[in-house]
Structures are given as C-alpha cells and as structure tokens.
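Please examine the structure shown below. The paragraphs that follow begin with the ligand and then proceed to strands and loops.

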Amino acid sequence: MTKIIDNLQRIQQQIDEACKKVGRDPKEVTIVAVTKQVTTERAQEALAAGLQHLGENRPEPLLEKQETITEGAVWHYIGSMQTRKVRKVLDHIDYIHSLDRLSLAEEIDKRAKKIINCFVQVNVSGEDSKHGLTVAEVIPFIEQLSTFSHIRVVGLMTMAPNTEDETVIRNTFKGLKELQQTIAQRQYDHAPCTELSMGMSQDVAIAVEEGSTYVRIGTALVGLDG
Ligand SMILES: *Cc1c(COP(=O)(O)O)cnc(C)c1O
C-alpha cells in the first residue's frame, strides 16, 4: 500500500494546480480523508501525515475508530444517515454532509446538545440512484430549518454522476455552486451556506476548479485495505 504522505502530496498538487488555473487560494480547500474502507491504523497514518479531517459513512466503524483516536481529528459523517442512528453518532461528529430530509433534521435538532454543522445534500444531476434533494427543493427545505436551533447549514454537498463525461461532471458542480451562491446571498442566520462539499478521488480537480471547499477523498488518499 502506498504511503498516505505520498498520496497526499499528489492530491495536494492536483488541488494546487486546479486552484492556480482559476485563481483560487489552495487554503480554501479542506481535504476530508474518507477512511470508511480502512483500518484505524490507516486513519492514524492519515492524521500523522497532517490530515485532520476524517470522513466515515457508518456508525460502527466511526465509533470503533474513536475508541483509539480520541483527539486531534475533526469527524465528518458523509453517508446517508438513518434517522434511528442519529442518537448514536451525533455526539461523535462535527459535520454531517448528508442532510436530505426534514425527518432527519427533526431528529438531529431533538438529539443534539450542540450546534451541528450540516451540508444539505443535493442531487444536482437528477439521477434516480442518487440521494439528495432536487435543486428546486433545496431553498424551501432550508427555509423550513430556520426554527431548528441545533442545525447550521454551512453549505451544500453533491456527488457527481458516475460517468467519464467531464462536461456532465463539471455541470453538476457548477449547478451546486450556483445554488449555493443564491442561498448565501439570502443571508439566512441559520444557513450561511458558504461551503461546497464536492469532489472525490476521480473528480477532485474539476470540483476544485468549480469552487469546492471540502473535497472528500478515499481511494486515492488512503486506498483500500481489508
Ligand atoms: C466513499 C465516498 C467518498 C470517497 O470516494 P473515493 O472515490 O474513494 O474518493 C466521498 N464521498 C462519499 C459520500 C462517499 O461515500
């Protein structure tokens, strides 16, 4: 398995180049190391390489890693979240990238003891197989969250369709950014919506060119093991 520090250097270079192309500051881009498929040891290697943000998509592996990793990490929940699992993970995460329905927001608001940073997940491409709200649903949904004192909508998240067609991927990210800016302009107290969670191993460069501020990288950074 390649060393994370070497993978990180390569990905950081991709991010730097993408930023340069469009005149962005690479410091605007936070790498979330998606450790969902790797061991606790590999997650520790990520932290030792200088990564601070870790992403998990299931409660059990998240809690298992936290038995060993008790400090120094910022935890992101990136998978679709079952309402009945909220109570179990809420005290263990700093960000949720997959807020996609009112019932989930209600449960988070009810159980949370602190403000939870949430990304609203958007299905920009309209593919049936993808989780997330349609573009048209997002603003009404965010407006419904205004009375939930424990939810802060920090931004929007999307996954690009699984395609080789770069134009389709780019248009997905452009669409998310356009929506994010519309929402940010409205200056909702509960939804500053300044952030964009988009870009994975295969499409990180395009995502950064299109304005991503949180890239979620698994395979290309920590690889697979098991
Ligand atoms: C697994 C996963 C990632 C990371 O995907 P890679 O292609 O391995 O980089 C990013 N986001 C979400 C929501 C995921 O489930």
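The model is a predicted one, in which local features need pLDDT of at least 70 and side-chain atom pairs count only at pLDDT 80 or more, while totals for chains, interfaces and linings use all residues. Residues are numbered from 1 along each chain as its sequence is written, and side-chain values use heavy atoms, with hydrogens and water left out.

Which residues are around the ligand? They are Val34, Lys36, Ile78, Met157, Met159, Met200, Ser201, Arg216, Ile217, Gly218 and Thr219; a residue is listed if one of its heavy atoms lies within 4 Å of the molecule. The side chain of serine 201 has an N or O atom 2.5 Å from an oxygen atom of the ligand. In the side chain of arginine 216, an N or O atom is 2.8 Å from a nitrogen atom of the ligand. Glycine 218 contributes a backbone N or O atom, 2.8 Å from an oxygen atom of the ligand. The ligand taken alone exposes 390 Å², of which the protein buries 87%; these areas come from the Shrake-Rupley method with a 1.4 Å probe, and for residues only the protein chains shown count as cover.

Helices (H or I, at least four residues) and strands (E, at least two) are DSSP runs, numbered from the N terminus. Buried means under 20% relative accessible area, exposed over 50%, and partly exposed in between, using a 1.4 Å probe and protein chains only. Strand 8 pairs with strand 1 (residues 30-34) in the parallel sense, over four bridges; two strands pair if DSSP finds at least two bridges between them. In this pairing, isoleucine 31 stands opposite valine 215.

Strand 1 also runs parallel to strand 2, to which three bridges join it. Here valine 34 stands opposite glycine 55 in strand 2. His53 and Gly55 point one way from strand 2 (residues 53-56), Leu54 and Glu56 point the other way, and all are buried.

Aspartate 100 lies between strand 4 (95-99) and helix 5 (102-111), and is buried with a relative accessible area of 12%. Its side chain makes a polar contact of 2.8 Å with the side chain of arginine 101.

The loop between helix 7 (166-186) and strand 7 (195-197) contains glutamine 187. Is glutamine 187 buried or exposed? Glutamine 187 counts as exposed, at 67% relative accessibility. Its phi is near 55 degrees, a positive value in a residue other than glycine. Cysteine 193 lies in the loop between helix 7 and strand 7, with a positive phi near 50 degrees; cysteine 193 is buried, with a relative accessible area of 0%.

Methods: A polar contact is a pair of N or O atoms within 3.5 Å; within protein, one must be able to donate a hydrogen and the other to accept it, and residues adjacent in sequence count only if both atoms are side-chain atoms.
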